[in-house]
Every structure is written in C-alpha cells, then in structure tokens.
Amino acid sequence: MIAWVIRAASAVCGDGEVCIRASSPVLCTLASLMIYLSGRALFDTRVGFWSAIVFATVPGVSSLLITTDVPLILFWTIALYAWIMLVKRQSMGFAILLGVAVGLGLLAKQAMIYVVLCIGCHAAVSREARQALKGGRAIVAALLELRSWCPLKQSRFKLDVGF
C-alpha cells in the first residue's frame with residue numbers, strides 16, 4: 001500500500017522528496033475528517049469537531065513521515081465510521097465500505113486485523129452489533145475484505161516468497 005501511495009503522489013506532483021512526503025498530511029487530514037464523522041455519528045457535531053482537532057494536533061500526525069502507519073490510520077478510521085453507521089442503519093452500503101476499508105487497511109499493515117477483533121468483541125456484548133451483522137452484511141463485508149487483500153497474497157505466491 002505504501003508503494004501505491006508514493007507512486008500516486010509522484011504521479012500527481014513529481015518525484016521530488018517534498019511531493020512524496022506531501023501525501024502524509026493529506027492522508028492524515030482525511031483520517032481527521034473520518035474521526036469528525038464518527039464523533040458526529042456517535043454524539044454530535046461538537047464532539048466530532050473537537051475529536052478531529054485533537055487528532056490533528058497530536059504530535060506526529062500530519063508530519064512529513066511517510067510510513068505504513070499513515071494509510072493504516074486512514075483505513076482504520078474509515079472502517080470505524082463504516083462500523084458505527086452499519087450498527088446504526090444496518091445498510092448493505094456500509095457493510096461494503098467496511099469490507100473494502102478493512103481489506104485495504106490489511107494491504108497497508110496487517111495490524112488492521114485488530115479491527116475485526118474489535119468488531120467481534122462489540123458483537124459479543126451488543127445486540128445491535130449482532131443485528132448489524134445479520135442479513136448477509138457480515139458475509140459481504142468479509143468477502144470484500146478478502147478480495148481487497150488478495151493482491152497481496154497473489155503477489156507473494158507469484159514471487160515464491162512464502163505464506
């Protein structure tokens with residue numbers, strides 16, 4: 001995923017160091033927007049606003065370091081928002097967004113699997129969360145997650161690198 005981010009950044013503004021590193025603040029800003037939307041969905045606009053501000057002002061966020069954590073945080077926040085909205089609205093669209101976000105997050109860093117564990121823990125204690133996974137929504141999200149993650153597995157098999 002980090003290679004794709006660097007390639008996209010260099011395609012937009014060139015191969016210079018500044019152009020490549022500029023993708024980090026852009027992705028962090030998008031993550032901050034997703035935190036705003038999550039806070040607004042859970043509580044209200046004021047909570048969403050201050051949550052986004054606190055996230056944006058944490059040291060290291062929006063820095064010019066382009067690491068695997070930057071796309072991971074973006075996809076994690078997208079998955080969080082998708083999960084919140086899936087529990088609230090039980091819409092197949094949010095199940096699709098959740099599956100794609102988790103799959104792309106797994107391409108960024110395999111620590112994204114913790115989102116799935118968090119969803120499982122929430123479903124274990126919440127009837128609304130279990131309800132959100134019914135109606136084929138869990139299957140759709142899981143299949144999209146696996147499909148999004150497949151390019152990584154296919155490339156490893158083609159390169160004969162293992163697992």
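Predicted model: local features only at pLDDT ≥ 70, side-chain atom pairs only at ≥ 80, totals over all residues.

Guide: Thr77 has its place in helix α5, which covers residues 69–89.

Visitor: Is Thr77 buried or exposed?

Guide: The cut-off for buried is under 20% relative accessible area. Thr77 has 5% relative accessibility, so Thr77 counts as buried.

Visitor: Which backbone oxygen does the side chain of Thr77 reach?

Guide: A polar contact needs a pair of N or O atoms within 3.5 Å. The side chain of Thr77 comes to 2.7 Å from the backbone oxygen of Leu74.

Visitor: Which residues does Thr77 touch, not counting those up to four places away in sequence?

Guide: Contact means heavy atoms within 4.5 Å. With residues up to four places away in sequence left out, Thr77 touches Ala31, Met34, Ile35 and Ser38.

Visitor: How many helices does the protein have?

Guide: The pattern along the sequence is α-α-α-α-α-α-α-α-α. There are zero strands, and the helices come to nine.

Visitor: Why is the protein as compact as a globular protein of that length?

Guide: For 163 residues the globule rule gives 15 Å. The protein is as compact as a globular protein of that length because its radius of gyration is close to that value, at 17 Å.

Visitor: What accessible area do the residues of the nonpolar patch on the surface have together?

Guide: The patch is formed by Ile113, Tyr114, Val116 and Leu117. One of them, Tyr114, lies in helix α7, residues 113–125. Together the four residues of the patch have an accessible area of about 360 Å².

Terms used: Residues numbered from 1 in each chain as written. Heavy atoms only, no water. Patch = residues over 30% accessible without salt bridge, like charges linked within 9 Å, V, L, I, M, F, W, Y side chains within 5 Å. Areas by Shrake-Rupley, 256 points an atom, 1.4 Å probe, with all protein chains shown as cover. Salt bridge = Lys/Arg side-chain N within 4 Å of Asp/Glu carboxyl O. Helix = DSSP H or I, 4+ residues; strand = E, 2+ residues; numbered from the N terminus. Rg over C-alpha atoms; globule rule 2.2 N^0.38 Å. Buried < 20%, exposed > 50% of the residue type's maximum accessible area, 1.4 Å probe, protein only. Polar contact = N/O pair within 3.5 Å; in protein donor to acceptor, adjacent residues only side chain to side chain.
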